[in-house]
Amino acid sequence: MSIIFRAAGKALPAQRCTNDDLSKKIDTTDEWIRSHTGIGARYLAEETDTCSDLGAQACRDALKKAGVSASEVNLIICSTATTDYNGFPSNACLMQEAIEAENAACFDLSAACSGFVYGLDCAAGLMARHNWKYALVCGAELLSRITDWTDRSTCVLFGDAAGAVLLENNSEEKARGLGSFILGAQGTGSKYLYNKYGGKLTMDGHAVYDFAVGIMTKIIKDLMEKENLTEHDVDFFVCHQANERILKASAKRLGFKIDKFIFNMEEYGNTSSASIPITLVDMEERGQLKKGMTVVSAAFGGGLTYSGCVFRW
Ligand code: UT7
C-alpha cells in the first residue's frame, strides 16, 4: 500500500504587500529585509477574511485538480496557529462545512511551522489504520492576526496563506508516495518563539536561527541515511520557507549544491505550515515537479518543533 499525492492547492488573500509598502509604515527597508531574509513581499488578509475560508479555498483547489468530490474525503487535518475560534470548532470542521466534505473526520493540529509534515504523517497513519481512501492535509495561517506590528524584527517576516494536498491510499502504486518521516520537538526552546493568550507572536530570532540551521541539517542528513539516498538521488529539497539564509546555511553544512533547494519566500514571506504545500503547487505550475520525483522536506517552528519526510511525488 502507498499513500500518494493526488494534487496540491493553494489560496492567498487579495492584498499583496511589498517590502517598500511596509517601509512606509515601519522603520525598515527593502534592502534590510531582502539581505536578512530573502523576503520581498507577503499577502495579508483583510479584516473580513477567515483562516478557515482560506484553508477551504486551498482544499477546493486540490480537489478540483484531482477531480475528486469532497464527499469522498475521509479526513481533513488543518495545521494552523490561527484558528477562527478559541479551541472549537476546529478550522478543519469549518472547512468541512465550507467544502461539503460531510464524510470526513476533522481536527486541527498545532505544531507551528512543522505542522504540515506532522499532518502528512498523521494522515498516512490514520488512512492505513482505517483503510480510508482520501485525506486533505492543509496548512492554513493568518499570521498577520498575531503579528506584533510594532516589532520590526518579526513583523516583516510573516505572511498569510493556505496550502493543501489531497492524499490517496492506493495499493497499485509502488513507485510513488510517502516514505520515511522524522518528527520531533525540543520543548526547552518554547521560550524562544511563542504567542501568549491575548498577546502577539514573540521571537528570539538568534536562538531560533541557530536551532533551525542545526535541526534542518540533521533532519535532511538522517532522512537521506534512512532511505539510503545520495545528493544525486534527490530531485529537490522542499523545506519550510522561513528565511533564505537558513536554507543556504543548511545546504552549506550538508556540503550540498544550492540549486536543488527551492526558495519561494521572496513572494510570500514565512507562511508557517502553509509554506511547503504552496511551494509544491508553484513547482507543479512551473512544470518543475513531475510524477515520481524524489523530494526531501524539512521544517522547524514554534514549540520548538521539527519534522521532515521523503516522498516520491
Ligand atoms: O517560522 C519561524 C521562524 N523564525 C525564523 O526563521 C527566525 C530566525 N531568525 C532570523 O531569521 C533572524 O534572526 C532575523 C531575520 C529575525 C533577524 O536577523 P539578524 O541578522 O539576526 O538581525 P538582528 O536581530 O541581529 O538585528 C540586526 C540589526 C539590529 O540593529 P542594530 O542593533 O545592529 O543597530 C536591528 O535593530 O538589524 C536591525 N533590524 C532591522 N533593521 C531594519 C531588525 N529588524 C529590522 C528591520 N529593518 N525589519
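Before the first selection, a word on angles: each helix axis is a line fitted to C-alpha atoms over the stretch in contact, and the angle is taken between N-to-C directions, from 0 to 180 degrees. Keep in mind too that this is a predicted model.

**Stop 1: α7 and α8**

Select residues 205-226 for helix α7 and residues 244-254 for helix α8; their axes come within 9 Å and cross at roughly 45°. That angle makes α7 oblique to α8.

Now show side chains. From α7, pick Y209, A212, V213, G214, M216, T217, I220 and K221; they meet R245, I246, L247, A249, S250, R253 and L254 of α8. Colour this contact by class and you'll get 9 nonpolar, 3 polar and 3 charged residues.

**Stop 2: the ligand**

Which residues are closest to the ligand? Select T28, R152, H206, N243 and N270, the closest of the 22 residues that surround the ligand.

Two of these deserve a zoom. On T28, find the polar side-chain atom that lies 2.7 Å from a nitrogen atom of the ligand. On N243, a polar side-chain atom also lies 2.7 Å away, this time from an oxygen atom of the ligand.

**Stop 3: α3 and α4**

Next, select residues 51-66 (helix α3) and residues 91-99 (helix α4). Here the axes come within 9 Å and cross at roughly 55°, and the two helices are therefore oblique to each other. The crossing of α3 past α4 is right-handed.

For the contact itself, show C51, S52, G55, A56, C59, R60 and L63 on α3, which meet N91, L94, M95, A98 and I99 on α4. Sorted by class, this contact holds 8 nonpolar, 3 polar and 1 charged residues.

**Stop 4**

What kind of peptide bond joins F88 and P89? It's cis, with omega about -5°. You'll find P89 in the loop between β4 (75-79) and α4.

Then go to E100, in the loop between α4 and β5 (105-109). This residue isn't a glycine, yet its phi is positive, at about 60°.

**Stop 4**

To place it, look for the loop between β12 (294-301) and β13 (305-312), where L304 lies.

Notes. Residues numbered from 1 in each chain as written. Predicted model: local features only at pLDDT ≥ 70, side-chain atom pairs only at ≥ 80, totals over all residues. Heavy atoms only, no water. Helix = DSSP H or I, 4+ residues; strand = E, 2+ residues; numbered from the N terminus. Parallel < 35°, antiparallel > 145°, perpendicular 65-115°, else oblique. Contact = heavy atoms within 4.5 Å. Nonpolar A, V, L, I, M, F, W, Y, C, P; charged D, E, K, R; others polar. Near = heavy atom within 4 Å. Polar contact = N/O pair within 3.5 Å; in protein donor to acceptor, adjacent residues only side chain to side chain. Left-handed = near helix turned anticlockwise from the far one by under 90°.
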